[in-house]
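Thank you all for making the time this morning. I would like to walk you through one model, so please have the sequence and the structure open while I talk.

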Amino acid sequence: MLILAIDTALDACAVALHDVSTDSTLSAARKVMARGHAEALVPMVDGVMTAGGRRFSDIDAFAVTVGPGSFTGLRVGLSAARGFGLATGRPVIGISTLATLAAPVLAVDDEIPVAAAIDARHGNIYLQMIGPGSRVLVNARAMALKDAARAVAIGPVRLVGSGAALLAGAWPSGERPPLEVDAEATPDPVWAARLASVTDPAKAPPRPLYLREADAKPQTAARIARQ
């Protein structure tokens, strides 16, 4: 089963062509960027397909991170994945950004819980905590930083994601500190492909996962009524 996975949710643009039947990555590319995903993504996909020696007709499914993340970045990846799916008639599977961050850490040791945290700005964190056996201990949600720290400081835990260092810095006094803090991690599209391979497409539509409203809102003061 060949999956093309895309991530533009955060501060990177990344693509992977992964054969899940052999768990081998045919080709992958990643570029760190806060902006410019729209211009970078399609050429990156083209390069990955060429390097992997495959055509779009060879792909069995597309995977895309759906958030939480940047409102603009998410739209870029989702639009591209939907377009590829429509053109090829293949399913498009939406994968949580938080789950994609947590997956490689859990793969190393699934006995110690992992809290995936993304900096949501303004003292807030997007958070999900997964424990042994992939049991969800804290559902994906937006939380105030201090509340998030209290929610996960319940024993040994590893932190991953752009909010990991913030979470560690807000750790409750007297509680056991995190065993691991990886604040550099961005979603790995290879892991998005692996998660997609065991996900029912009908239950994971490629729709953005927004855990809070956008910061930018249309102005309503002095609005002129439509005639």
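Let me begin with a term: a residue is called buried when its relative accessible area is under 20%, exposed when that area is over 50%, and partly exposed in between, with a 1.4 Å probe and protein chains only. This is a predicted model, so local features need pLDDT of at least 70 and side-chain atom pairs count only at pLDDT 80 or more, whereas totals for chains, interfaces and linings use all residues. Residues are numbered from 1 along each chain as its sequence is written, and side-chain values use heavy atoms, with hydrogens and water left out.

With that in hand, is His37 buried or exposed? His37 is buried, at a relative accessible area of 5%, and its place is in helix H1; helices here are DSSP runs of H or I with at least four residues, strands are runs of E with at least two, and both are numbered from the N terminus. Leaving aside residues up to four places away in sequence, His37 touches Thr8, Leu10, Ala12, Cys13 and Val76, where contact means heavy atoms within 4.5 Å.

Now to the pockets. On a 1 Å grid over the protein atoms alone, a pocket is an open set of points where a 1.4 Å probe fits, with protein on both sides within 12 Å along at least five of seven lines, and a lining residue has an atom within 4 Å of a point. Grid points are joined across faces, edges and corners, and the volume is the space filled by probe spheres set on the points.

The largest pocket holds about 720 Å³ of space. Its lining consists of 32 residues, and those closest to the centre are Ala9, Leu10, Asp11, Ser70 and Arg121. Strand S3 (24-32), helix H1 (37-52), helix H2 (71-88) and strand S6 (114-121) each give two or more residues to this lining. By comparison, the second largest pocket has about 200 Å³ and 13 lining residues, with Gly94, Ile95, Ser96, Thr199 and Ala204 nearest its centre.

Some backbone details deserve a careful look. Arg121, which lies in strand S6, has a positive phi of about 70 degrees although it is not a glycine, and it is partly exposed at 48%. Ser134, in the loop between strand S7 (124-130) and strand S8 (136-144), also has a positive phi, about 60 degrees, and is exposed at 56%. Gly67 and Pro68 are joined by a cis peptide bond with omega of about 10 degrees, and Pro68 sits in the loop between strand S4 (61-65) and H2.

Finally, the aromatic rings. How many aromatic pairs does a search of the whole structure find? There are four, counting rings of Phe, Tyr and Trp (its six-membered ring) whose centres lie within 6.5 Å, with planes under 30 degrees apart called stacked, over 60 edge-to-face and the rest tilted. Phe56 and Phe84 make a tilted pair, 5.1 Å centre to centre with 40 degrees between the planes. Because Phe56 lies in the loop between H1 and S4 and Phe84 in helix H2, this pair ties together parts that are 28 residues apart in sequence. Phe56 is partly exposed at 30%, whereas Phe84 is buried at 17%. Phe71 and Tyr210 are stacked, at 4.5 Å and 25 degrees, and they link helix H2 with the segment after helix H6 (189-197), 139 residues apart.
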